[in-house]
Amino acid sequence: MKTRFINISVFSIIVVISLIFTMPAPLPAADTIKLGVAGSHSGDLASYGIPTVRAAELVARDINARGGILGKKVELLVEDDVCKPEVATNTATKLASKGVHVVLGHICSGATKSAIGIYKEARIIVLSPSATNTELTQSGKYPNFYRTIGYDRNQARLAVDFAIKRLGLKKIAILHDKGDYGKGFAENAKKYISDSKQANVVLFEGVTPGAVDYSAVVQKVRQSGTDAVIYGGYHPEAATIVSQMRKKNMKTLFISDDGVKDNTFIKVAGRYAEGVYATSHKDTSKNPLAIAAIAAHKKTYGTEPGAFFLNGYAGAQALLYAIKNAGSTDYEKVRKALRSHNVETPLGKIKFDNKGDAVGVGFSMYQVQRGVYVEVK
Amino acid sequence: MDFFSELCVGGLTRGSIYALIALGYTMVYGIIELINFAHGEIYMIGAFTALIMASVLTMSGMSGISVLILAAVVAVIYSAAYGFTVEKVAYRPLRQAPRLSPLISAIGMSIFLQNYVLIAQTSDFLPFPNLLPELEFLEPYTSFIGSTEFIIIVTTAVIMVLLTILIKFTRMGKAMRATAQDRDMAMLVGVNANRVISNTFIIGSSLAAIGGVLIASHIGRINFYIGFIAGIKAFTAAVLGGIGSIPGAVLGALVLGFTESFGTGYVSSDYEDVFAFVLLILILIFKPSGLLGHTTSQKV
Amino acid sequence: MHATKFMEGLKQSTIIALWFMFLTFPVMAIRVNTIENTIEWRWMNMLYVGCGSFILSFLWRYLAAKKITTKKLFLKDGLDGRPLMQALLGERRLFLPALGIVAVSALLFPFVFSTYQTNIMTTALMYVVLGLGLNIVVGQAGLLNLGYVAFYAAGAYTYALLNYHFGVGFWLALPLGALSATILGILLALPVLRLRGDYLAIVTLGFGEITRIILENWNEFSFGPSGISGIPRPGLFGMEMDIHEATIYLYFLMIILCLITIFVVNRLQNSRIGRALIALREDEIACQAMGIDKTRVKLTAFALGSTWAGLVGVIFAAKTTFINPASFTFLESAMILSIVVLGGMGSITGIIIGAFLLILLPEYLRAFSDYRMLLFGLIMVVMMIYRPQGIITGVRRTYEFHREEK
């Protein structure tokens with residue numbers, strides 16, 4: 001009898017506790033400008049999402065110190081989506097129900113694609129610092145989406161133009177990392193090369209990130225007799241491929257994308273990085289705002305900022321200043337402000353076109369010369 | 001011809017690495033009939049430990065071959081320790097439990113170790129310095145076999161020989177074979193089963209650690225996830241060759257290595273990972289206990 | 001007597017603490033960044049590890065001792081020798097009102113809580129159905145399927161692709177998705193018919209991975225890693241619904257599916273097929289000796305199990321409106337398997353609770369989001385050691401024969 005009573009009470013306590021946990025959190029204090037920051041903040045892609053969070057924190061701190069926007073403080077609502085589409089929908093719903101005004105995110109194209117519909121219905125403007133999937137702006141389906149990074153097609157076009165016109169290459173091999181970003185870049189590059197009819201795609205292959213050995217693919221590249229490799233993907237695999245190629249005395253040129261234009265690439269590939277080309281946003285190293293932002297990051301967090309930091313910084317500024325320029329958080333007014341007003345950011349003076357891409361954020365080609373990425377004019 | 005021989009070398013290299021890890025799987029399975037899912041993570045931890053040690057040593061001013069030897073030794077010690085601990089904590093309490101329990105425990109342990117390293121270190125790919133020395137006598141052949149590949153293949157071969165000697169000619173090896181054959185009987189004749197099992201884990205983990213150090217030098221970078229992929233492939237290799245059989249594990253690993261290398265070279269690298277599994281399914285359909293496995297008759 | 005035991009324990013725990021400090025030293029105390037070429041020494045972590053393992057070892061020993069003693073008491077637990085939960089559920093007076101409360105709260109839930117909460121609850125319900133589906137294969141038939149996620153993907157992609165190419169709507173896609181998953185299930189079952197336990201596991205694992213890789217690479221068919229977006233949500237007689245209404249609608253759809261599944265699985269357990277499955281699990285050879293066609297039973301098990309996954313897959317596609325291969329990894333299969341095992345194989349209530357715990361807890365413990373997966377792995381290990389029968393034991397119906405009183 002006694003055990004039964006104890007067991008029942010334990011059971012009920014558990015039920016009560018779980019009910020408490022499911023109680024919705026009380027709504028936050030009113031009257032702030034709520035900036036949602038969504039992205040991969042934990043897990044294996046965290047290093048792509050955390051710099052944007054820090055950028056938002058720095059921008060918010062800065063603006064709040066100067067009185068906020070329209071007299072109200074900026075409040076950050078940071079939510080993690082681990083770059084998974086199904087989690088991203090949850091994240092979006094959560095942010096929407098918490099009443100965010102604008103969202104900086106998501107980080108991965110896949111996550112953004114699944115969440116954007118929810119934001120669209122809730123009439124929340126979304127600005128991504130890193131989602132490069134062409135469709136997001138060019139399809140016209142998502143009028144609430146903006147971004148402070150160029151999209152896949154443009155990057156590929158620049159790389160292909162450079163390879164064919166500047167370098168005069170005739171035979172090109174294309175490799176990618178089978179991921180959304182890398183494969184997108186690679187496929188666009190393939191299309192442009194075949195369209196141009198001035199060069200041939202001699203090889204189109206995907207490499208498996210994390211494989212035990214890359215020699216087979218490198219062998220294939222050599223076998224194809226190509227002049228250059230265009231690679232879509234991120235710096236870890238690129239570093240490995242370039243090193244292996246150079247170790248086998250291959251002089252093949254290597255052209256890649258924004259994911260490789262990273263100082264980490266140079267550090268990892270060491271002397272093999274020399275001569276590698278990569279596209280990226282226009283040079284910001286002399287931009288005073290960029291220098292200041294990077295310095296602020298170093299001072300607050302103690303390290304160099306990571307991927308997409310400047311894009312995130314510019315994005316946060318663009319969103320918040322658009323609200324200021326619009327004079328309200330009204331959806332249509334802010335959209336109009338994003339299109340009509342220029343904002344000074346670390347990426348330059350930018351505003352957005354009708355489709356949501358940033359004007360003034362273009363791509364340039366860089367090359368590793370004497371251990372540093374230098375813009376190729 | 002060149003292409004072919006390069007692919008051969010690539011296949012041998014892959015096969016060697018898979019063999020080092022597969023041996024751990026097959027030995028553990030032979031002795032306690034458990035798929036040690038966490039084994040891949042031991043390999044990863046070996047690589048990480050070597051990286052950490054190497055960096056500390058390099059920054060304190062050491063360089064050259066001594067860094068390699070020291071880092072490898074430390075990695076082996078630590079991997080062995082992890083293997084031993086995992087067995088004691090997660091598998092020993094479940095010796096008598098139905099088959100599914102230790103399997104789930106192993107999966108849980110694998111997830112735990114992955115995230116343990118992820119949180120304690122970083123999610124980034126950390127570059128691994130190439131600790132292996134450049135061998136001059138290979139200079140003329142660098143276009144088709146590099147120093148690292150050569151060292152990997154030779155090291156693996158040496159280890160195979162040592163392991164065979166251990167299993168066949170030492171007392172410990174005999175105890176291991178006895179326990180694998182019939183644990184209760186082995187205990188009756190005085191073998192300390194627990195000790196033997198722990199030793200199996202220790203040896204298997206050490207091999208995996210060596211594999212980790214080698215591959216990290218070869219590829220040049222590591223991250224917390226490499227254990228999972230390598231683990232699955234190596235396990236597939238072990239099953240391919242007949243799980244529980246040591247020569248089977250090596251054979252399976254080589255077969256897998258060559259299949260992948262040639263498949264990638266002549267067909268396509270898109271489906272690289274698929275080759276492993278398709279091969280496995282084919283072999284298991286025609287020879288359900290693997291290439292060198294014994295068909296155990298089920299007693300009713 | 002107690003003092004020496006305590007001293008013994010103290011000594012052991014100290015050794016254990018020192019061992020763990022040694023073990024975790026490189027990974028925890030030294031953080032290397034080979035990119036920047038910096039080293040960070042974190043001695044505080046050593047202290048945490050030391051103290052933590054010291055305390056935990058006491059707990060471990062206590063629980064281990066308890067486990068040995070409770071093994072004998074297990075049968076005496078609860079009433080009439082039945083395990084506690086079964087007893088509770090059997091008590092009509094408790095069961096019916098509890099069921100009523102649950103039913104009412106389920107109905108009111110979406111209207112009381114926000115869209116976000118409803119969304120999460122829908123996800124939990126999806127995993128309940130997935131768990132019950134896998135239970136047919138693993139729990140009842142004893143066939144370890146580590147590639148269950150392939151069937152899940154089959155359902156989702158069927159809907160997405162049919163919709164993309166032919167504009168097929170949700171309701172039509174449901175049976176079609178289930179059908180494609182079933183076919184895939186039978187396809188998988190065919191080569192594994194002759195395989196024993198662990199080989200079966202690794203082949204199914206491979207199958208799951210193959211499916212994912214094919215989806216990732218065969219662009220012409222599945223659009224590869226960029227996935228398929230713009231998948232429409234289920235409609236109600238052509239009515240247009242906004243996000244809140246759609247979420248609530250989906251929630252109720254899931255509740256209905258859940259109820260149907262519970263009903264079917266329950267009936268299955270006591271049916272001829274169900275008993276054949278259990279016979280297969282217990283002893284394959286005896287099963288054959290009794291005249292049960294092993295092949296047919298295995299195929300049935302796989303087919304049945306995969307059908308549910310296909311159904312949920314279609315709903316998943318409709319819910320997230322965007323799918324790509326990255327959602328269908330081995331980790332998903334592992335999670336569904338854990339739900340089945342944690343909940344208690346063969347026990348429907350157990351699986352429901354297991355699904356809720358594993359899905360809802362991480363959502364609410366967002367504060368620990370970094371450690372989420374870590375805890376998850378740890379829980380799996382701990383549960384297996386201390387309560388392998390799961391939260392609620394699956395008890396089979398026992399028939400008692402009493403001597404007739406003359």
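1. B:Glu6 is buried, with a relative accessible area of 3%. Here buried means under 20% relative accessible area, exposed over 50%, and partly exposed in between (1.4 Å probe, protein chains only). The model is predicted: local features need pLDDT of at least 70, side-chain atom pairs count only at pLDDT 80 or more, and totals for chains, interfaces and linings use all residues. Residues are numbered from 1 along each chain as its sequence is written, chains are lettered from A and ligands numbered from 1 in the order in which they are written, and side-chain values use heavy atoms, with hydrogens and water left out.

2. What does B:Glu6 meet in a salt bridge? Its partner is the side chain of A:Arg222, at 3.1 Å, N to O. A salt bridge is a side-chain nitrogen of Lys or Arg within 4 Å of a carboxyl oxygen of Asp or Glu. This pair crosses between chains, from helix 1 (residues 2-32) of chain B to helix 8 (residues 215-224) of chain A. Helices are DSSP runs (H or I, at least four residues), numbered from the N terminus. A:Arg222 is partly exposed, with a relative accessible area of 30%.

3. A search of the whole structure finds 15 salt bridges over all chains. One of them joins A:Asp195 and A:Lys191 at 3.7 Å, N to O. These two residues are four apart in helix 7 (residues 180-196) of chain A, so about one helical turn separates them. A:Asp195 is partly exposed at 49% relative accessibility, and A:Lys191 is partly exposed at 47%.

4. In chain B, the side chains of B:Arg95 and B:Glu87 meet in a salt bridge of 3.1 Å, N to O. B:Glu87 counts as buried, at 0% relative accessibility. Elsewhere, salt bridges that share partners join A:Glu79, A:Lys94 and A:Lys98 into one network.

5. B:Lys168, B:Arg171, B:Lys174 and B:Arg177 form a positive surface patch. For such a patch, residues need over 30% relative accessible area and no salt bridge, and like charges are joined within 9 Å. Helix 6 (residues 171-181) of chain B gives the most to this patch, with three residues. B:Lys168 lies in helix 5 (residues 147-169) of chain B and is exposed, at 54% relative accessible area.

6. Helix 14 (residues 330-343) of chain C has 14 residues, and 13 of them are buried, so the helix is largely enclosed by the rest of the structure. At 1.5 Å a residue it should span 20 Å, and its end C-alpha atoms are 20 Å apart, which agrees. The expected span is 1.5 Å times one less than the number of residues. C:Gly344 follows this helix, and its phi is positive, near 105°.

Terms used. Patch = residues over 30% accessible without salt bridge, like charges linked within 9 Å, V, L, I, M, F, W, Y side chains within 5 Å. Areas by Shrake-Rupley, 256 points an atom, 1.4 Å probe, with all protein chains shown as cover. Lys, Arg positive; Asp, Glu negative; His and termini not counted. Charge placed at Lys NZ, Arg CZ, Asp CG, Glu CD.
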